Amino acid sequence: MSHVPAATRALRLLRFLATRPGPVSASAIADGIGVPRSSVYQLLEAMAEEGFVTHLPEERRWGLGVAAFEIGSAYLRHDGVERLARPLLRRLTESTGATAQLGTLHGSDTLYLLKEQPPHAPALITGVGVRLPAHLTASGRAMLALLPRAQVRALYPGTGSFTDRTGRGPATPGELREVLAEERRQGWSSEEGQVTEGFVSVASAATDHNGHPVAAIALTVPSARPITRAALTGRVRDAASELTRRLAGRAVPV
């Protein structure tokens with residue numbers, strides 16, 4: 001393996017981590033990609049500096065970093081996830097009268113890619129290209145709930161990582177873990193008044209072939225509107241499942 005370029009070794013390391021169910025030790029990586037442990041440590045240190053891997057010192061393990069996830073998300077965006085999702089959002093808006101949106105994770109933000117709005121709908125702060133804190137948005141939390149815990153810890157290492165908009169929503173790593181665990185169990189996420197007072201949103205994530213979240217579909221309505229959250233969650237979950245199918249993805253068991 002000494003003749004193999006460092007870039008090739010780094011790519012093999014990333015591919016190996018992507019196939020693991022969670023963070024692994026450096027020795028397991030060395031065995032898995034057939035590289036001496038000393039060389040693996042050098043690769044890991046360089047890749048950690050760039051955000052492609054993250055180290056969990058208490059566990060003495062390594063996992064994928066935020067930069068690796070961002071590149072995967074960018075590939076899928078460039079490959080046409082918006083084009084695949086647009087007719088789904090349009091049908092959601094027509095059938096529910098809610099504003100439908102498609103978002104993806106960009107670091108610890110939700111980046112909005114598409115928006116379908118019914119006639120005469122109230123103006124929302126969200127729009128194509130807008131970023132909002134992922135831990136406050138239904139879309140963001142739907143995706144965070146499906147990420148490995150190590151990646152969530154890398155995104156939210158302490159209380160300073162949390163932005164507050166309306167005084168509501170998780171404000172510590174512990175609170176976020178509890179919310180994400182519950183939303184992962186139920187298969188959808190929701191927020192009311194955490195982004196904008198007077199509005200409620202529900203969202204569900206679409207996943208790729210590895211079960212990683214690619215994007216999330218959300219529906220938003222005024223809190224006072226006479227429509228049950230259950231009526232919206234069924235529609236948004238069906239739409240996210242259809243987008244997963246169109247992406248040749250794998251649904252995550254709940």
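These are my notebook entries on a predicted model of one protein chain.

**Entry 1: the whole chain**

I started with the overall inventory. The chain has nine helices and eight strands. I then took its extent along the principal axes. The C-alpha atoms fill a box of roughly 65 × 35 × 30 Å.

Next I looked up the radius of gyration, which is 19 Å. A compact globule of 254 residues would have a value near 18 Å, so the chain agrees with that expectation.

I also checked burial. Of the 254 residues, 48% count as buried. The accessible surface comes to about 12300 Å². Carbon and sulfur atoms account for 51% of that surface.

**Entry 2: helix α2**

I moved to α2, residues 26-33. Which of its residues are buried? I noted Ala-26, Ile-29, Ala-30 and Ile-33. Seen down the axis of α2, these buried residues fall within an arc of 100 degrees, so they line one face of the helix.

I then asked what that face packs against. The buried residues of α2 pack against α1 (6-19), α3 (37-49) and β2 (61-64).

I turned to β3, residues 99-106. This strand is mostly covered, with seven of its eight residues buried.

Which strands does β3 join, and how do they run? I found β8 (residues 213-222) joined to β3 by five bridges, and the two run antiparallel. I found β4 (residues 109-116) joined to β3 by seven bridges, again antiparallel.

Leu-102 stands opposite Ile-217 in β8. Thr-104 has Leu-111 in β4 as its bridge partner.

I looked at the turn as well. The hairpin of β3 and β4 has two residues between the strands. In this hairpin, Gly-107 takes a positive phi near 65 degrees.

**Entry 3: Gln-101**

Is Gln-101 buried or exposed? Its relative accessibility is 2%, and the cut-off for buried is under 20%, so Gln-101 counts as buried.

I listed its contacts, leaving aside neighbours within four places in sequence. Gln-101 touches Leu-89, Leu-124, Thr-126 and Gly-127, among others. Its contacts also include Tyr-112, Leu-114 and Lys-115. Ala-216, Ile-217, Ala-218 and Thr-220 are on the list too.

**Entry 4: salt bridges**

I counted salt bridges next. The structure holds seven. Side chains of opposite charge can pair when their charged atoms come close. I went through several of the pairs.

My first stop was Arg-153 with Glu-59, at 3.3 Å from N to O. This pair links distant parts of the chain, 94 residues apart. Arg-153 sits in helix α7 (residues 149-155), while Glu-59 sits in the loop between β1 (53-56) and β2. Arg-153 is partly exposed at 34% relative accessibility. Glu-59 is also partly exposed, at 41%.

Next came Glu-183 with Arg-141, at 3.2 Å from N to O. Glu-183 lies in helix α8 (residues 173-186) and Arg-141 in helix α6 (residues 138-144), so the pair ties together parts that are 42 residues apart in sequence. I looked up burial here too. Both Glu-183 and Arg-141 are buried.

I then took Glu-182 with Arg-185, whose closest N and O atoms are 2.9 Å apart. How far apart do Glu-182 and Arg-185 lie in helix α8? They are three residues apart, so about one helical turn separates them. Glu-182 is partly exposed at 38% relative accessibility. Arg-185 is at 53% and counts as exposed.

I closed with a network. Glu-242, Arg-245 and Arg-246 are joined by salt bridges that share partners.

Terms used: Residues numbered from 1 in each chain as written. Predicted model: local features only at pLDDT ≥ 70, side-chain atom pairs only at ≥ 80, totals over all residues. Heavy atoms only, no water. Buried < 20%, exposed > 50% of the residue type's maximum accessible area, 1.4 Å probe, protein only. Helix = DSSP H or I, 4+ residues; strand = E, 2+ residues; numbered from the N terminus. Arc of directions from axis to C-beta. Contact = heavy atoms within 4.5 Å. Salt bridge = Lys/Arg side-chain N within 4 Å of Asp/Glu carboxyl O. Rg over C-alpha atoms; globule rule 2.2 N^0.38 Å. Areas by Shrake-Rupley, 256 points an atom, 1.4 Å probe, with all protein chains shown as cover. Pairing = 2+ DSSP bridges.
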